[in-house]
Amino acid sequence: MMSSVPAVSVQGLRVERGGRTVLRDLSFEVPRGSVLGLIGPSGCGKTTLMRCLVGVQIVKAGTVTVLGEPAGSKGLRRRVGYATQTPAVYADLSVRENMRYFAAVLGAPRTDVDRVIDEVGLGHHRDQVVATLSGGQLNRANLAVALLGDPELLVLDEPTVGLDPVLREELWELFRELSGRGRTLVVSSHVMDEAVRTDRLLLMREGEFLADGAPDELTRLTGTADLEAAFLHLIHEHAGSPA
Amino acid sequence: MSLSITLATTRRILAQLRHDHRTLALLIGVPSLLMILLRYVFDQPVLFDRIGPLLLGLFPFVIMFVVTSVGTLRERTGGTLERLMTMPTGKLDLLLGYALAFGLLSLAQVGVVLLISLTWLGLDLSGPVWSLVLVAVLDALLGMALGLFASAFARTEFQAVQFMPAFVLPQVLLCGLFIPRDGMATWLRVISDVLPLSYAVDGMQRVSREASFSSSLLWDVVVIAAFTLGALALGAATLRRRTA
């Protein structure tokens with residue numbers, strides 16, 4: 001019964017900010033255990049959409065249902081992990097102290113602290129104060145918080161920004177492993193070469209979806225060689241001037 | 001509201017302070033230094049006995065106001081507040097976590113100044129020491145609660161620091177520290193009646209003059225506590241799960 005409910009179901013979602021429409025009547029569903037990629041240029045509304053999923057965004061119209069409950073409900077706060085694009089961790093605490101605090105807030109088992117630190121590859125920096133981490137390490141510390149408590153849905157805003165290719169590869173292996181265990185992931189990125197690692201892509205531009213489909217499907221439909229070209233093709237098509 | 005989240009928050013704030021040796025040294029050292037200066041600037045034990053306790057109430061108030069308003073502003077702008085709001089954290093957990101951490105800190109702060117004042121500086125108190133500690137810690141919590149509330153109106157740390165003179169200095173002028181409140185023009189007197197620091201200073205004056213814990217002192221304590229709870233409630237209202 002539970003597994004038939006999609007992890008995310010969004011209907012007619014509209015968000016306005018300062019009189020400007022940021023998201024225009026979006027509708028989509030994410031099945032459980034899949035990895036959804038949100039791809040689009042900076043400022044296209046990816047972050048706003050993710051904020052809607054975790055229930056911290058004021059919504060103008062539409063419904064957002066997460067794991068069968070309205071987004072942001074009390075019951076969801078342990079079941080959804082969220083990593084913002086700008087790291088939201090305490091710079092004056094060590095990596096381990098940060099994890100310990102957030103684990104206590106989530107009521108996650110204490111063993112989770114070391115597990116998530118290892119999962120993001122910060123094992124050697126456990127006791128380092130966050131302020132002294134490099135940009136990429138800081139990003140991974142931020143991601144680790146979202147993994148605490150093994151949430152059913154992970155909403156990750158640009159989790160691989162500023163990472164070298166090896167680390168990026170490792171994180172994507174982790175994401176695939178999580179989805180293999182039935183976890184659902186919504187991952188945003190503006191890098192096209194990551195998009196091929198997802199099960200399904202939503203291409204966003206100016207608060208709208210330009211396309212929705214599996215990565216290879218999108219390249220096939222547009223008759224292009226790669227996703228970058230597919231995206232460009234779709235933008236031109238959308239603007240009414242075919243390339 | 002959850003006790004374990006509240007206590008985890010208290011532990012986290014204390015851990016942050018433990019990493020920040022300079023802030024800790026300033027928090028404990030500055031009031032003591034000012035007290036020592038005060039003692040030798042006045043150089044009259046009678047005057048020091050009168051003013052000293054007032055400042056023992058004022059320092060924790062001012063310092064906690066600044067520390068809390070900047071601290072919570074950092075929590076707001078750094079994204080950690082939003083992250084906590086996506087977690088099972090209740091607003092009360094966060095506020096009480098802060099109150100408990102800064103309450104303990106002010107206890108240490110007041111303890112050190114009091115120890116120096118009573119021994120080295122020869123401060124002479126008429127009332128019991130515990131009543132002074134009680135009023136001083138309440139003053140600290142009042143400053144903390146107002147700081148939490150004020151931080152909601154600041155966008156930057158520059159603004160937050162400016163709130164100190166804006167929120168605090170008018171109260172310092174009107175609280176009876178410089179001129180007895182009875183001697184003020186009626187309209188100033190009325191304003192000072194609704195400002196919490198007036199009761200904080202009045203309480204301290206009673207502690208230094210009256211031999212026992214009087215009912216007037218109890219009234220001061222109740223008013224300070226009520227202001228603190230009111231400011232905490234207002235502060236809670238400024239913590240929002242959903243933002244634009």
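Asp43(B) lies in the loop that links helix 2 (21-42) and helix 3 (45-77) of chain B; helices (H or I, at least four residues) and strands (E, at least two) are DSSP runs numbered from the N terminus. This is a predicted model, in which local features need pLDDT of at least 70, side-chain atom pairs count only at pLDDT 80 or more, and totals for chains, interfaces and linings use all residues. Residues are numbered from 1 along each chain as its sequence is written, while chains are lettered from A and ligands numbered from 1 in the order in which they are written. Chain A holds eight helices and ten strands, and its strands include those of an open six-stranded sheet and of an open four-stranded sheet.

**Residues with positive phi**

- Asp43(B) is not a glycine, yet its phi is positive, at about 55°.
- Asp43(B) counts as exposed because it has 9 C-beta neighbours inside 10 Å; a residue is buried if 20 or more other C-beta atoms lie within 10 Å of its own, exposed if 12 or fewer, and partly exposed in between, with C-beta atoms placed from the backbone.
- In chain A, Glu158(A) is another residue other than glycine with a positive phi, near 50°.
- Glu158(A) sits in the loop between strand 7 and helix 5 of chain A, and it counts as buried because 22 C-beta neighbours fall inside 10 Å.

**Confidence**

- Chain A has a mean pLDDT of 91, with 97% of its residues at 70 or more; pLDDT is the predictor's confidence in each residue, from 0 to 100.
- Within chain A, the lowest confidence is in helix 6 (residues 192-195), with a mean of 81, and the highest is in helix 2 (residues 95-106), at 97.

**Overall form of chain A**

- The radius of gyration of chain A is 18 Å, which agrees with the value near 18 Å for a compact globule of 243 residues; the radius is taken over C-alpha atoms, and the globule rule is 2.2 Å times the number of residues to the power 0.38.
- The C-alpha trace of chain A spans about 55 × 40 × 35 Å along its principal axes.
- Buried residues make up 49% of the 243 in chain A.
- Of the contacts in chain A between residues at least 6 apart in sequence, 64% join residues at least 24 apart; a contact means that two C-beta atoms, placed from the backbone, lie within 7 Å.

**Six-stranded sheet of chain A**

- The strand order in this open sheet is 6-7-8-3-9-10, and the pairing is mixed; two strands pair if DSSP finds at least two bridges between them.
- Strand 6 (80-83) and strand 10 (208-213) of chain A are at the edges with a single partner strand each, so one side of each has no neighbour in the sheet.
- On average, neighbouring strands of this sheet are turned by 15° against each other, direction ignored.
- Helix 5 (residues 165-180) of chain A packs on the sheet and touches strand 3, strand 7 (153-157) and strand 8 (184-189); its direction makes about 150° with that of strand 8. Axes are lines fitted to C-alpha atoms, for helices over the stretch in contact, and angles run from 0 to 180 degrees between N-to-C directions.
- Four bridges pair strand 3 (residues 35-39) with strand 9 (residues 200-205) of chain A in the parallel sense, and Leu36(A) stands opposite Arg200(A) in strand 9.

**Four-stranded sheet of chain A**

- This open sheet has the order 2-1-4-5 with antiparallel pairing.
- Strand 2 (20-30) and strand 5 (69-70) of chain A are its edge strands, each pairing on one side only.
- Strand 1 (residues 8-17) and strand 2 of chain A run antiparallel and are joined by seven bridges; Val15(A) stands opposite Leu23(A), and Glu16(A) opposite Thr21(A).
- Strands 1 and 2 of chain A form a hairpin with two residues between them, and Gly18(A) in the turn has a positive phi of about 55°.
- Strand 1 also pairs with strand 4 of chain A in the antiparallel sense, over five bridges, where Val10(A) stands opposite Val64(A).
- Strand 4 (residues 61-66) and strand 5 of chain A are antiparallel and joined by two bridges, with Thr65(A) opposite Pro70(A).

**Contact between the chains**

- Chain A brings 24 residues into contact with 23 residues of chain B.
- Helix 2 of chain A supplies the largest share of the side of chain A that touches chain B, with five residues.
- That side of chain A has 13 nonpolar, six polar and five charged residues; Ala, Val, Leu, Ile, Met, Phe, Trp, Tyr, Cys and Pro count as nonpolar, Asp, Glu, Lys and Arg as charged, and the others, Gly among them, as polar.
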